[in-house]
Amino acid sequence: MDTTRRLWMGLGALLIVSFGIMLWIGRDIYQTAPPIPEQVVTESGRVVYTREDIETGRQVWQSIGGHHNGSIWGHGALLAPDWSAEWLHRELVAILDMRAREQFGMAYAELDEGEKARLEAQLRPRFRANTYDPATGTITITDERAAAIDTVAAHYMSVFSDDPATADLREAYALRENPVPEAEHRRQMTAFFFWASWATGTERGDDTGLTYTHNFPHEPLIGNTPSASSFMWSMFSILFMIAGIGLLGWHYAVWHGREPKVEPPLQDPSLSIVVTPSMRAIGKYFWLVMALFLTQILLGATTAHYQVEGQEAYGFALAEILPYALTRTWHTQLAILWIAVAWLATGLYLAPAMSGHEPKFQRAGVNFLFACLIIIVVGAFAGQWFAVMQKLGLAHNFWFGHQGWEYTDIGRFWQIFLFIGLLLWLVLMGRALWPALRRKSEITSIAGLFFLSTVAIALLFGAGLMWRESTHISIITYWRFWIVHLWVEGFFEVFAVAVISFIFVRLGLVRGKSATINVLFATIVFMAGGVLGMFHHLYFAGVTTGIIALGASISALEVVPLALIGLEAYDTWKNGRATPWMARYKWPILFFIAVSFWNLVGAGLLGFLINTPLALFYMQGTNLTAAHGHTALFGVYGMLGIGLMLYCLRGMRPERRWLNGLLSGAFWSFNIGLALMTVLTLLPMGVLQLEANLTHGYWYARSAEFMTRPIIDVLVWLRVPGDTVLAIGAFLVALFVISLWLGPRPVSEASRQQRELARIRGQEAG
């Protein structure tokens, strides 16, 4: 059995085992998620909230933007509070204040530390006790706690109205005035906030002494601190990572450089690729990429500015037209969309290039898919505007408005439409790749892996259809990260490795057999940590200790393939300087090198900084997670999308002169701008939030009191240089793409050769 076959079998076994464990853990989540009660009643018999109140309240929260107005259990936006953490703290303080006045005749804040400690010790066991009765579906609370709930609920009903008493808070939270117009909807939303908070402060009842959210968030008043298992599995995860890096380093030292160096061809082999009509039709996709990218950056700047003025932009009442929840929704959605469109377009361009086959009606399919993408973007974004502005109504919000879940926000109708579009993309890819999959050649396995990643990308988006409007939030979080983690961080990695390997084989810089073995080995390494590594997103989403153990152990392995990423970048650079004609591909290769750098920094260093259980307990939902998110999403996937686009454009528009000054400016603007944004704002702000959390609790690190401090304002303004430089880079790339259609047009020798080949084959592509 040859090496290639063994690697394919190993990859198959790994995926079967990994997805089997994923589904088994999913079954556990379905069975052990925090219960939603039929009613919450006091010991004296008063009904405080019903199940309908809680579920309708969640619908209301989702309809105004959900995760983009603060967060629940640490997942969501960073500007407004984490409502579950803040409710918990406010409710505790309200109870302590009542007891302080009763026992000491003064407010809780006025007591000395000994008196405070005495009250807290009295409160802790009773508050954490689980009073949920599975037989009746009832949570029973004391009358004292009900009074505290009434106090906290009144505060939030004021915040989400147009009450002048809480106008300053709405400004600090970047909420528009009267975000929830109906008083009954506001009351029901407080029921959802109460339930989410109840799960964080109530012990699960399985003799572990842990709350449903594994003691998250940090709240010293009731002993919400990291568990022993969080400490233990954090230490083990570090050991697993070190062992994995050691093994990979040993493998690299033993096998790297064994094969004789490849002598690059004298002429560009890509000139033999005939640009077919469907490949040429891809050009409009890259125009769409630029339009979405520029819009995303504009919305990102607007979203960041809300942290300074709250409801306005330089005096203009922007929140009344484009509220923060909407600009952030569109900003995060567009980040996924423009990158995905760039990758989809690359796949449609490379599939006929791999196979040398142009299926019948392929161009019509490419054009139809493009029209569908336009309709989905316009329709989904319009629905979200109507939802956040409370003009759609709860009855239609789930299907056509705003689902409220970060990165999976679009209404269910548009979600289904996009899934169908991805299936169409899969069909177009499959019919173009089929000849390459059937014949035995040096790129057969690469084409197979390329197609496998295409199948996974198309089908895994269907995980977003696995929940309904009333599905439990823990279960939604589980399926949501099938998309956020597996779709983006898993199989897009495989897609990228296969594409880059094909490009270097096609350019004659790597032997086909070597590339096949390397890409299969890299895929196994990525998938070893990438699939089950998803569970580090679920530590505090109402799951059991087993997920902490599994997630910590496996997610540490995600860093392993990134440890030697610098050596990969060096090889890429060396290959790119192997022959004079490779200068034509200088900029795609430089963007691939940038991907390697940000993979190490953003996905590797900043990713591991936050993904052990102990670290994430204190860092989830702070700007340290934002630092990882920005550097990994744009630094890796965005840079790769641009690099792939440039490679396709080189073949698609060979007759145009490349304005290298624009690309040089864009390349350095992207890297410098992203570095400035991270170093000047996201990291220092995250460190300050970490200190605040360690000292006072998570509620304080996310509070208006903390986020309106002068030092935070300074750090927010320090985003301007980085954002500006990055925006300049996007503008320069857009100008470059435009220049390939509207700029100077001297026909190069390479273009003449390509046209002659096309003429000889009877497939004139122009």
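Is Trp 343 buried or exposed? Trp 343 is buried, with a relative accessible area of 1%, where buried means under 20%, exposed over 50% and partly exposed in between, using a 1.4 Å probe and protein chains only.

1. Basis of the note. This is a predicted model, in which local features need pLDDT of at least 70 and side-chain atom pairs count only at pLDDT 80 or more, while totals for chains, interfaces and linings use all residues. Residues are numbered from 1 along each chain as its sequence is written, and side-chain values use heavy atoms, with hydrogens and water left out.

2. Aromatic pairs. The structure holds 52 aromatic pairs, counted when rings of Phe, Tyr and Trp (its six-membered ring) have centres within 6.5 Å, with planes under 30 degrees apart taken as stacked, over 60 as edge-to-face and the rest as tilted. One of them joins Phe 19 and Trp 482, whose ring centres are 5.8 Å apart with the planes at 55 degrees, so the pair is tilted. Because Phe 19 belongs to helix H1 (residues 3-32) and Trp 482 to helix H16 (residues 473-506), this pair ties together parts that are 463 residues apart in sequence; helices here are DSSP runs of H or I with at least four residues, numbered from the N terminus. Both Phe 19 and Trp 482 are buried.

3. A second tilted pair. Trp 343 and Tyr 637 form a tilted aromatic pair, at 5.9 Å centre to centre and 50 degrees between the planes. Trp 343 lies in helix H11 (residues 324-355) and Tyr 637 in helix H23 (residues 623-652), so that distant parts of the chain, 294 residues apart, are linked. Tyr 637 is buried, with a relative accessible area of 7%.

4. Helix H11. The end C-alpha atoms of H11 are 47 Å apart, which agrees with the 46 Å that its 32 residues should span at 1.5 Å a residue, the expected span being 1.5 Å times one less than the number of residues. Since 32 of the 32 residues of H11 are buried, the helix is largely enclosed by the rest of the structure.

5. His 214. This residue is found in the loop between helix H7 (183-201) and helix H8 (228-255), and at 2% relative accessibility His 214 counts as buried. Leaving aside residues up to four places away in sequence, His 214 touches several residues, including Ser 227, Tyr 539, Phe 540 and Phe 617, where contact means heavy atoms within 4.5 Å.

Definitions and conventions. Helices (H or I, at least four residues) and strands (E, at least two) are DSSP runs, numbered from the N terminus.
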